[in-house]
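Subject: Structure handover

Hi,

Here is the structure for your files. My notes on the backbone and the core follow below it.

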Amino acid sequence: MGTLDFIIIALALALVAWVNWYFFLAERAHAAAAPAAARAGGVQEVTIAVEGGYEPRTIRVRAGEPVRLVFDRRENASCSEEVVFGDFGIRKYLPAFEKTVVELTPPRPGTYDFTCGMSMLHGKLVAE
């Protein structure tokens, strides 16, 4: 193997590492400024845009109170066609270019993760 082979292998490994970091480990800057849910008729409600990820990615709600999450899917990429809340046993299909409501009640304070069906898109529901 020559020097060029080692350079190509090193670049490929660096690219694989970057992709894994970007999709699975990186915290997004806007996650720190997570919005609190608005109250609508006694229910906490948040609209989440779905387009290459979730925006906002982190949502703050009150534990023990009902939450209505409105997923506004603005794309037709196959990865974003489903949202999964493993802690609640919820798996919901999100039709392209439509809004879909997911209702749940976090029983206690904590962080509840949600993902796309392929586990590539990630979000957090923080109950306080």
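A term to start with: buried means under 20% relative accessible area, exposed means over 50%, and partly exposed is in between (1.4 Å probe, protein chains only). This is a predicted model: local features need pLDDT of at least 70, side-chain atom pairs count only at pLDDT 80 or more, and totals for chains, interfaces and linings use all residues. Residues are numbered from 1 along each chain as its sequence is written, and side-chain values use heavy atoms, with hydrogens and water left out. Strands are DSSP runs of E, at least two residues, numbered from the N terminus.

Backbone first. Most residues other than glycine have a negative phi, and most peptide bonds are trans.

- Glu55 and Pro56 are joined by a cis peptide bond, with omega about 5°. Pro56 sits in the loop between β3 (54–55) and β4 (58–61).
- Phe97 is not a glycine, yet its phi is positive, near 60°. Its loop runs between β7 (90–93) and β8 (99–104). Phe97 counts as exposed because its relative accessibility is 58%.
- Ser119 also is no glycine and has a positive phi, about 60°. The loop between β9 (110–116) and β10 (122–127) holds Ser119. Its relative accessible area is 36%, so Ser119 is partly exposed.

Now the core. A nonpolar core is a set of buried Ala, Val, Leu, Ile, Met, Phe, Trp, Tyr and Cys residues joined through side-chain atoms within 4.5 Å. The largest one has 22 residues; Tyr54, Phe71 and Phe85 touch the most other members. Elements giving two or more residues to this core are β2 (43–50), β4, β5 (67–73), β6 (82–85), β8, β9 and β10.

Best regards

Methods. Helix = DSSP H or I, 4+ residues; strand = E, 2+ residues; numbered from the N terminus.
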